[in-house]
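Good morning, and thank you for joining this group meeting. Please look at the sequence and the model together while I speak.

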Amino acid sequence: MPQRHSKNNNDLAFFTYDEKKKLGYGTQRERLGKDSIKPFDACCLCLKHFIDPLCCPKGHVFCKECIYECLLSQKKDIHRKLSAHETQQKQDKEEEREKLMLQKARELDAFDQQNHGALPQYSDRSHTRDKNGFHGANSVKVTSFEEEALRNMKAFWLPSATPEAPVKVEAPSTSTICPEGKEKLKLKMLFPIHLTEAEADEKKTNSNDNFICPSCKVTLTNTISLVAISTCGHVFCKKCSDRFLVVDKVCLVCTKGCKEKNLVCLEKGGTGFSGHDDKLQATDFKHLGSGSGLGLVRPAVKT
């Protein structure tokens, strides 16, 4: 008879640790490779080699055409939401006006019944009435409010006449945002960047190795932190920036003055499916579903 072990399948009423692990229970870690990281010279929107690159104050680089189209579509969406919000405000005012008119009509009907409703209303010529002063259902007087309610009554048992809950449109924000960093971004806040290309005899077959630092002549890759100057747009490596730009406060290419606030660190690669910067471990937390035995996935919490 084989020995019982936690790695063997058994008929226990609960899952063993090995069975939970096979179902994806716990934290799974995986180190990402080079193919999972976006190149530093690729647009954050189209993920292709950028053309006429523009950089935002947070260091995200976009193609000029891509970021222009993105901001333009955001402005169109904001204009559409503002129009819908204004339309809803007009409808709310009209509904309030109708409610006031109905309330006044109910008050007038109540006043009319109070002053002229002492004698019963007869519908037949013989003026016969019952003990309570009414003559069947024809003598019941329906107010205008009740008529309006009966006319607009929704039959909840019919799909075509099911009442719908009103959808309230909130006032949208009038500012455009960066599609990558989600902070406020205007067109005038973007600045062009200029990467220094390597000489013809130093170029390699890979397109990612065609740019160098203009100071130390090191080939720029994803492993090197890059710094751009917002005043002129030239890009340097982080070491040269800390050694020369911060101290001299002058661009080494065009000798244009720059302050420390003009130095923008460019964000490294990373798509929506991979990590970036110094955190190259993608974590995914899973827990078992109650009674189903399936692993339910929830996104990792950012720390």
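I begin with a definition: a salt bridge is a side-chain nitrogen of Lys or Arg within 4 Å of a carboxyl oxygen of Asp or Glu. Side chains of opposite charge can pair when their charged atoms come close. Before the examples, a word on the source: this is a predicted model, in which local features need pLDDT of at least 70 and side-chain atom pairs count only at pLDDT 80 or more, while totals for chains, interfaces and linings use all residues. Residues are numbered from 1 along each chain as its sequence is written, and side-chain values use heavy atoms, with hydrogens and water left out.

Let us take the overall picture. The protein has 4 helices and 11 strands; here helices (H or I, at least four residues) and strands (E, at least two) are DSSP runs, numbered from the N terminus. Of its 303 residues, 26% count as buried. Buried means under 20% relative accessible area, exposed means over 50%, and partly exposed lies in between, with a 1.4 Å probe and protein chains only. Contacts, meaning heavy atoms within 4.5 Å, also deserve a remark: among those with a separation of 6 or more, 52% join residues 24 or more positions apart.

How many salt bridges does the structure hold? There are 3 salt bridges in the structure.

Which residues are linked in a network of salt bridges? They are D77, R80 and K81. D77 pairs with R80, their closest N and O atoms being 2.4 Å apart. Both residues lie in helix α2, which covers residues 64–116, and they are 3 residues apart, about one turn of the helix. D77 also forms a salt bridge with K81, where the closest N and O atoms are 3.6 Å apart. K81 and D77 are 4 residues apart in helix α2, again about one turn.

Are these side chains buried or exposed? R80 is exposed, with a relative accessible area of 52%. D77 is partly exposed at 29%, and K81 is partly exposed at 36%.

I turn now to helix α4, residues 238–248, in which K238 and D242 both lie, 4 residues apart, about one turn of the helix. Their side chains meet in a salt bridge of 3.8 Å, N to O. K238 counts as partly exposed at 32% relative accessibility, and D242 counts as partly exposed at 43%.

Thank you for your attention.
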